[in-house]
Amino acid sequence: MQTRIEVGVLGATGMVGQNFVRFLQGHPWFELKWLGASDRSAGKKYRDAMNWNLEGGVPAGVADKTVDECKPGNAPRLLFSAMDASVATEIERAFAEAGHVVVSNSRNHRMESDVPLLVPEVNAEHLKLVPMQQRLRGWKGQIVTNPNCSTIVLTMALGPLKQFGITKVICTTLQAISGAGYPGVASMDIVGNVIPYIGMEEEKMQQETQKILGHFRGDHVEPLAAKVSAHCNRVAVVDGHTVTVSVEFSSKPGEADLRQAFDNFKAAPQERKLPSAPPRPVIYMEEQNRPQPRKDAERERGMAAFVGRLRSCPVLDYKFVAMGHNTIRGAAGAAVLNAELMHSEGMLD
């Protein structure tokens, strides 16, 4: 691109906001020009408005930027939202009403019928909901969302298998502590322990999976008819959500068919060579003890899903393990890839 697109981050001081700031450094299409946060941070230099919780220091080109309040006015047209769910609804809608393109990591709008819940390799056609969203809501802007971090891992693994007719899914997550934000889970609660409850996580995984894998029907998404059951657990891992999956299919494929589907899976982001798209979005690992968060989450810039241990399931048809980086592919990187796909579709012109 001759001219990079100016972008901003809503909720730039939080954990996900910091991941956006870091992920956007050196991006060939997008240039981070604006940072928004609460009125407590507004007017401060970015370095003084938050505690940097990621590896390394605050990126030099961002540290001295002045933080603005999250109100329409001075922000670029394209905004990435890392807003807390307690305030995201009103703020994101205000920017969309003012003509901004809001690509959101927040949960607030994900299940609204006219808002795409996007995983670019799996359901790019759901972007066709946007014109209806603008028409129904009477705004020139738009809101597009990415899923919950654990749902992204699950749906990327199931995406190649949708062709076989998914009818039932049972999954159990082992979710990293970084998914809880900062300061997250108290050390006395998580060290040497497993916490078998994450608020609303199971409901989000079940509902979001059905929407993402659903069929676009011209003016709405028809949810996937499959039954999805999720068990969600917090474990003492820093980054990388692991999901164990059992799945039933209507067409009864062979194991070789599933392996071929994983190995050959590519979609629009790979065909268009979008900057943040991994060359292979789903990578099957042959080792019996892989994938592992510590060894695999950072590979492919954290943007791929890793799958292994495919085998027969005595209850459903097959079972396997999937893993992905929860704050990159599960949050900031997912939203940036969504925006890249939108630009390739001419939606940011």
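Two residues are in contact here when heavy atoms of theirs lie within 4.5 Å of each other. Keep that in mind as we walk through this predicted model, where local features need pLDDT of at least 70, side-chain atom pairs count only at pLDDT 80 or more, and totals for chains, interfaces and linings use all residues. Residues are numbered from 1 along each chain as its sequence is written, and side-chain values use heavy atoms, with hydrogens and water left out.

Let's start with Ser104. Leaving aside residues up to four places away in sequence, Ser104 touches Ser81, Glu92, Val144, Thr145 and Asn146. You'll find Ser104 in strand β5, residues 101-104. (Strands are DSSP runs of E with at least two residues, helices are runs of H or I with at least four, and both are numbered from the N terminus.) Is Ser104 buried or exposed? Its relative accessibility is 0%, so Ser104 counts as buried. The cut-offs are under 20% relative accessible area for buried and over 50% for exposed, with partly exposed in between, using a 1.4 Å probe and protein chains only.

Now for the sheet. Seven strands make up an open sheet with mixed pairing, in the order β8-β11-β7-β12-β15-β14-β13. Two strands pair if DSSP finds at least two bridges between them. At the edges sit β8 (194-195) and β13, each of which pairs on one side only. β8 runs antiparallel to β11 (residues 227-235), and two bridges join them; Val194, for instance, has Val235 of β11 as its bridge partner. β7 and β11, by contrast, run parallel and are joined by eight bridges. Here Lys168 is partnered with Lys227 in β11.

Take α10 (residues 255-264), where Leu258, Ala261 and Phe262 are buried. Seen down the axis of α10, the buried residues fall within an arc of 95°, so they line one face of the helix. (The arc is that of the directions from the helix axis to the C-beta atoms.) There's a handy rule behind this kind of pattern: an α-helix has 3.6 residues a turn, so residues three or four places apart point the same way. On the other side of α10, Ala256 and Asn264 are exposed. And what covers the buried residues of α10? The cover includes α7 (149-158), β12 (241-249), β13 (282-285), β14 (305-312) and β15 (318-324). α10 lies across β12, β13, β14 and β15, and runs at about 175° to β14. Such angles run from 0 to 180 degrees between N-to-C directions, with axes fitted to C-alpha atoms, for helices over the stretch in contact.

Last stop: the aromatic rings. How many aromatic pairs does a search of the whole structure find? It finds eight. Rings of Phe, Tyr and Trp (its six-membered ring) pair if their centres lie within 6.5 Å; planes under 30 degrees apart count as stacked, over 60 as edge-to-face, and the rest as tilted. The rings of Phe20 and Phe80 have centres 5.4 Å apart and planes at 25°, so this pair is stacked. Phe20 lies in helix α1 (residues 15-23) and Phe80 in strand β4 (residues 78-81), so the pair ties together parts 60 residues apart in sequence. Phe20 is buried, with a relative accessible area of 0%. Phe249 and Tyr318 form a tilted pair, 6.5 Å centre to centre with 50° between the planes. Phe249 lies in β12 and Tyr318 in β15, so that pair ties together parts 69 residues apart in sequence.
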